[in-house]
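Thanks, everyone. I'll walk you through one model this morning, starting with a helix contact and then widening out.

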Amino acid sequence: MNRRRGVDTPGDTPGIRKTSCELNGQGGGCRRVAGTPAGAWPAHQHTGTPAHRQPAHRVAGAQTHRLAGTPGGGGFPPRRSGAIPFRCGPDARAVPKGNAMEPLSDSQYRAATTGGMPDAEQVADGLWSLAMPMPGGGSLGYTLAAVHLGPDGTVALIDPGWAEPGSLERIDDFLRGLGRQMADVATVVVTHAHPDHIGLADAVRQASGARVVLHRREQASIDAEGAVVPEDLDSRLQEWGVAPERARLLHDRAHGSAPRHAPLHADVLVEDGDELPVAGATWRVLHTPGHTPGHICVVDESRGLLFSGDHVLPTVYPGLGLGADFGENPLTAYLRSLHRLHPYDDVEVVPGHGYRFRGLAGRRRDTALHALRRVRETAEVLHDDPTASIWDIASRLSWSGGWAQLQHSIMLFSGLNQTDMYRDFVVSGGLESPEALWP
Ligand SMILES: [Zn+2]
């Protein structure tokens with residue numbers, strides 16, 4: 001299935017405001033790689049905590065053990081086609097409430113749950129977590145950039161964040177507080193091409209000469225997004241059973257938010273298992289498609305950490321299929337990617353948003369079950385009416401804000417896109433036995 005536009009995900013976690021990593025893009029956001037689209041985004045608000053304070057929280061005894069080897073992604077039967085024999089996932093009533101996540105940062109946890117910006121903090125020797133502001137609020141009011149200080153004087157960043165005015169200076173100021181500066185940045189690793197992660201990458205590159213690193217599939221997604229033409233969208237809306245008047249609205253909305261900047265081209269394209277070119281740390285690429293086709297997590301083997309990007313987040317469930325040219329159902333890819341993180345269940349997770357935590361096993365499970373509940377709902381609708389259109393199915397799914405609200409929301413396209421993904425997953429068999437992975 002070819003997901004053409006990266007757009008938002010209608011509400012998934014009650015009480016948490018959805019913005020970029022989940023929504024990503026309000027009509028095509030993942031193309032806006034270098035700019036700061038004002039349009040649909042709510043005004044950013046934060047309490048203005050200085051970025052470069054002394055560490056508020058240091059993790060005692062950072063792990064030093066080497067992580068388990070390459071996780072296996074196998075065990076998935078071939079996809080079937082034909083009818084709709086989907087064996088539903090676990091019953092929602094059996095889903096345990098909450099999970100066993102343990103926040104590892106007071107400042108980040110407080111900011112994620114009550115608002116504001118967390119302090120910059122040291123995570124381990126030579127490694128810092130720096131919140132970068134983005135439009136939004138709550139746990140999605142900032143991106144957690146990782147700052148690694150190499151013993152050779154270089155600096156490596158993961159996900160420098162949104163291209164907000166002043167963000168470049170924020171990083172430079174922070175580095176100067178540590179005796180380095182922007183010019184020392186040699187590597188910028190980007191977990192995926194959404195503006196809250198990649199937005200500032202080109203500006204950092206221009207200011208420092210750093211190399212920007214992306215997964216090969218993510219670069220392909222950026223390139224494919226650039227090839228989308230309005231007719232593609234129109235034909236999809238027609239297939240989905242969207243009434244002409246509503247389709248016109250969605251068309252105008254999507255093409256009215258076209259990117260104003262040229263797509264970014266990475267300097268280094270990586271594959272799963274590659275070691276990243278970073279001095280003084282062993283950073284290993286884990287390809288984790290689902291949120292986007294070329295999303296990566298980064299395993300810090302030297303410190304025993306997992307940088308999870310938007311693949312697994314502590315406060316929200318990531319939207320899926322937010323990129324182009326997946327080559328397979330994004331949900332299938334996502335569930336497989338979630339499962340392959342199991343060797344890292346006991347390590348500290350540094351996510352793209354929210355707060356550092358331990359307890360990946362529980363969070364992976366909750367995240368998978370959330371997706372499988374939506375699968376079950378879709379299967380039930382199709383069981384009653386196998387010919388139901390995407391529009392009809394969407395109208396019968398449970399959205400956190402309700403279908404009536406979604407119909408008039410800027411997130412409608414995303415809702416329909418997600419519905420298409422779930423329908424395809426059900427009809428094609430998806431994972432034959434997801435309950436085997438999440439019993
Ligand atoms: Zn994000």
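Start where two helices touch. Pro-330, Leu-331 and Thr-332 of helix 9 meet Met-421, Tyr-422 and Phe-425 of helix 13. Sort those residues by class and you get 5 nonpolar, 1 polar and no charged. Keep in mind that this is a predicted model.

Now the geometry. Helix 9 and helix 13, residues 412-427, pack at an angle of about 80°, and their axes are 8 Å apart. An angle from 65 to 115 degrees counts as roughly perpendicular, so helix 9 is roughly perpendicular to helix 13.

How buried is helix 9, residues 330-339? Of its 10 residues, 9 are buried, so the rest of the structure largely encloses it. The buried set includes Pro-330, Leu-331 and Thr-332. Further along helix 9, Ala-333, Tyr-334 and Leu-335 are buried too.

Helix 10 spans residues 360-384. The axes of helix 10 and helix 13 come within 9 Å and cross at roughly 70°. These two helices are therefore roughly perpendicular to each other as well.

Which residues make that contact? From helix 10, they are Arg-374, Val-375, Thr-378, Ala-379 and Leu-382. From helix 13, they are Tyr-422, Arg-423, Phe-425 and Val-426. By class, the contact of helix 10 with helix 13 has 6 nonpolar, 1 polar and 2 charged residues. Look at Tyr-422 and Phe-425: they meet helix 9, and they also take part in the contact with helix 10.

Over to the strands. Take strand 7, residues 211-215. Here 4 of the 5 residues are buried, so strand 7 is largely enclosed by the rest of the structure.

What pairs with strand 7? On one side of the list is strand 6, residues 185-189, running parallel and joined to strand 7 by 3 bridges. Val-189 stands opposite Val-213 there. Strand 8, residues 268-270, also runs parallel to strand 7, again with 3 bridges. In that pairing, Leu-214 has Leu-269 as its bridge partner.

Last, the whole protein. The secondary structure comes to 14 helices and 13 strands. Of the 439 residues, 53% are buried. Take contacts between residues at least 6 apart in sequence: 74% of them join residues at least 24 apart.

To recap: helix 13 is roughly perpendicular to helix 9 and to helix 10. Strand 7 pairs in parallel with strand 6 and with strand 8.

Technical notes
Residues numbered from 1 in each chain as written. Predicted model: local features only at pLDDT ≥ 70, side-chain atom pairs only at ≥ 80, totals over all residues. Buried ≥ 20, exposed ≤ 12 C-beta atoms within 10 Å, placed from the backbone. Contact = placed C-beta atoms within 7 Å. Pairing = 2+ DSSP bridges. Axes fitted to C-alpha atoms, helices over the stretch in contact; angles between N-to-C directions. Parallel < 35°, antiparallel > 145°, perpendicular 65-115°, else oblique. Nonpolar A, V, L, I, M, F, W, Y, C, P; charged D, E, K, R; others polar.
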